[in-house]
Amino acid sequence: MRKVLILVGLMFSSLVAIGADWLTDGGNPQRTAWQKDEKTLTTENVKNMKLLWKVKTDNVPREMHSLLPALIVGRVTTSSGPKEIGVVTGVSDNIYAIDVESGALLWKKHFEYTAGPLPRGGGTLCPGGLTATPVIGPTSTPSKYTIYAASWDGMLHQLNLADGTDVVPPSKFMPPNGKPYALNLWDNVIYTHTAQGCGGNPNVIYAYDLASHRVSAYAPAGGGMWGRTGPPIDSTGTVYAGTGDANYDPDHQIYGQAFVAVKMDPQTKEFKLKDYYAPTNAEWMFKRDLDMNVTPAIFTYKGRELFVSSSKECRIWLLDTKYFGGEDHRTPLDRTPLICNEEVNFAAAGVWGSMASWEDSKGTRWVLTPFWGPKHSQYKYPIEHGPVTHGAVAAFKVVQKGTKFALEPVWLSRDMNQAEPPVIANGVIFAYGSGENAEQRWPEPPPGVDAPEFPNPVVNGVEIPMSGQSQRRIASSTRAVLYALDGQTGKELWSSGDQITSFNHWSGLSVANGRVYLSTYDGTVYCFGLGK
Amino acid sequence: MKKIIVSAAMCFLWTILANAQRGGQEWLTSNADAQRSSWIRTDAKISVESMRKAGFQFLWKIKLDNESKQLNSLTQPVLVGNIIGYRGFKSLAFVGGSSDTLYAIDDDLARVYWKTRFNYPATTSQAAGSLLCPGGLTAAATRPVSLTPPEPPRGGGGGNRITAAVAKIGEPDQGFPDLVGRGAATAAPAPVTAPPAGANPGAPAAGGPAPAGGGGGGQGVGSAFALASDGMVHQLSLQTGKDIVMQPVRFVPSNANAGNLILVDNVLYTTTTNGCSGTPNGVWAMDLASPAKTVTNWTTEGPNVAGSAGPVVGSDGTIYVATDGTTSSTYANSVVALEPKTLKVRDYFTQAQADFTASPLVFQYKAKDLIAAAAKDGRLYILNSTSLGGTDHHTPLSSTPLGSSSVDVAPSALASWQDAEGTRWILVPTNNAIAAFKVVEQNGVPTLQQGWVSRDMVSPMSPIVINGVVFALSSGEYRAAGTQMSAVQRAQRSKPAILYAFDGLTGKELWTSGTTITSFVHNGGLSGGAGQVYVGTYDNTFYAFGFAIEK
């Protein structure tokens, strides 16, 4: 009897340990950032969250890039038994596997640059290095996983999560020295998109077919595609990307300031443009550099697969993936007024990063967006938690009124210093202010006064040479602060306060199995949770 | 400490090149460019065809807190199509106000972006003011311009060298397909759209090559220059309106009637006229590259400098001005060519009793600079830049009757453009219409042939040309012979201005502002580009017309 009880206990604990995963940036291929499998953290107990551990990696930053969001696998079979592993990627071509129970480093992998001499830096926007959060895919063996990562030289690596060894030799994928965004995995194909023309490379949606080893590419001629969590994918396998920095001129096959929807032909494996949507003020958005720079979220609502996204302009569009933009490609289901960026700035304001969406236990579908800078003076929320000057998370409900769908504002969070994309877990909204200085231009000094100079940052005892913009922004950045908010009201339930001592840039949150992960510029990985 | 340093000029070079993708050719100085052509060569929205349809309209107006001086109010706007500043990408119009203020107006959002008021020193007395010597700020601001006319901007898709959407698939194990025709996956050149690494991109330029778009290099790439009524010139940040790079420096005497500024090859030029506050009439040059900001001047020895555009610059840097016949002197009734910077007289053309009224204009004809000048004698002169008046200084290439009596023609300027067939046009505001002439050859000599004359207007001002459309302003100003009437009396008798658009080839009227403008225009005049046209009126209202874009 005692043996049976022990066996049942072990089985139960292993089932709990399997629990939740966070296999890709944005939580899932649809990029809703919703951790559906969270059971531990709740709105009642999150106030007791504490720092469980922090680990300093030896990753060297490149410009403002440092560590990317952690990927979490709840149960991995390793040579020393089953483990819950966190995979953290460093921009200097490093992958770290961490035992999330203890914070111990299990293994580290570094990719050597194989595309000739190391390229020179391209400034803040083109840092070089490994810029795309990898994606983890299960294998045919339970509890065995493969990490798919694209290194600086454009090669695709497939690593055994258990020990970091190559599953297959690295494969040619993308041009070297580009700037791909988070990888996505769907039906045995890896997807990503690139931006900023880094390395002199065109801005393209790429796909690597794992079966045929062929790379498909689609270039919308519409400038960069730089949604933080890469391209989302809907239930049909259609891939979406927002473009910027070009005119919208579909008559000449130029899809700037638009969302393009492309799908791989199952036979030829070539991309085909399936649909596209451009806001009616696309010309204005291009003129003011209000790029469609936000990874959309795709979700199901009342039997329809909907799409929501935003941009630096700071309004939200809701579209139906089936009738994407309507017949004229310019008609969304709903388009909110501006919710921020009254000054019409191209930096340090607007929505940056990615959207989030979840469905609560009552079947209400929520949409969340972060934004930078003050809220728009004319836009009101039924619930607001104080004045917002540096950024916040805004929450909307998707509602149906007759045949029409719309976004209704519900709450606006407290002020956050450069609010970043949130993650939802069990009714708790985890959000954070990155603390980074997001300006890109500054007023000139008066006559006779030299422009201020800022030092290169020093990380792990190493001085990191970098561009003037990065120097100035890093010197002016503060610290990241993690928050837990009530998903229904936005009320602050918990804050990390001053426990995190550095900022981050172009990173993100991960949540799984009662733990919340955030990394910072100085190479530190933080893990918060309830503890035992 | 090892730093990656790239000159600040490179940052602004990138800025301006980025502008060319979004903004197109810019109106950098009064009458658009160094040659004072008032010609914007291409425009994505304004064309004869688009102006035939509905769409061009009154966009907005904004009342500025400027105080008129005599009949002076707002100067001709100088434009920047797209500046990437710390408050975002902005499209700005810089308008001088007679009460010693420079305004930067966001010409999309119709807001004052910044304003800089130049404080008149308490130790210097301000002039009481008269019609000829109104006092206050009289000169339009300027941005640096290049000697050569601007090239049309390149359009197309984003900065990644893919001009139309394309999909391709690579071979197995061969990586990405080649979308840009660069061959197999190889090391790529420097990024196209990323800004260069370097020092604070907000820092002022220290010098650099002239970028495409017509803008000049050198000091002042990211700034505008303004001349206050105390004679001090300011180099102002386009972003903030604050003094940058150099402290304000004396250029001309206080209370002069200074003409519109122009900055070429690091030398700033203006004119003075009407002998206000004892300032001799002539041309002034400030060498911005010299530590002492050395000022040189040339005097007319009496006659007024004619016209409203300020000094005109040929493609070799020669400075041209015209003079009236109000007093006798060597250079009365003349078009004078001066060496750049030193202002030594290089050449001149004199026509007895011509009494030039308009600033001369330089235009290219068969790869040479020719000069056009209009006079009160009712003639339009064409001069050879290499020998203005021939060996005797009295022989033009040709002269053509304007076909209009020229009673009390206000100081003005010409305009010039070249149509798609290669025909060069010269546009002249007479006292009641716009007259358009074609440059033709007769016996191997360039001469003028009348093309068309517009409908009647009230005191028309210098026209501008945008992509083959001539915009002209019936200023509405009451211009009586003599100066007995006060400014107030003239203002009371003046009528509201009307903006017209004409087909540049035929003079056919395409559009009119009707009764939209509610005041007249005296100084200043039109400028435009990127689908919009601007003018400021006597009552200190700034108007914008164009094709609306949804915001």
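**Close-up views of a predicted model**

**View 1. Chain B as a whole.** Chain B has 3 helices and 37 strands. Helices (H or I, at least four residues) and strands (E, at least two) are DSSP runs, numbered from the N terminus. This is a predicted model, in which local features need pLDDT of at least 70, side-chain atom pairs count only at pLDDT 80 or more, and totals for chains, interfaces and linings use all residues. Residues are numbered from 1 along each chain as its sequence is written, chains are lettered from A in the order in which they are written, and side-chain values use heavy atoms, without hydrogens and water.

**View 2. Burial and surface in chain B.** Of its 551 residues, 61% are buried (under 20% relative accessible area, 1.4 Å probe, protein chains only). The accessible surface of chain B is about 19500 Å² (Shrake-Rupley method, 1.4 Å probe). Carbon and sulfur atoms hold 51% of that surface.

**View 3. S223(B) and its surroundings.** S223(B) lies in strand β9 (residues 223-227) of chain B. S223(B) is buried, with a relative accessible area of 0%. Its side chain makes a polar contact with the side chain of Q235(B), at 2.9 Å (a pair of N or O atoms within 3.5 Å, one able to donate a hydrogen and the other to accept it). Leaving out residues up to four places away in sequence, S223(B) touches residues including T142(B), R143(B), P144(B) and I244(B) (heavy atoms within 4.5 Å).

**View 4. Helix α3 of chain A.** This helix spans residues 468-476. 7 of its 9 residues are buried, so the helix is largely enclosed by the rest of the structure. Among the buried residues are G468(A), R472(A) and I474(A).

Notes
Buried means under 20% relative accessible area, exposed over 50%, partly exposed in between (1.4 Å probe, protein chains only).
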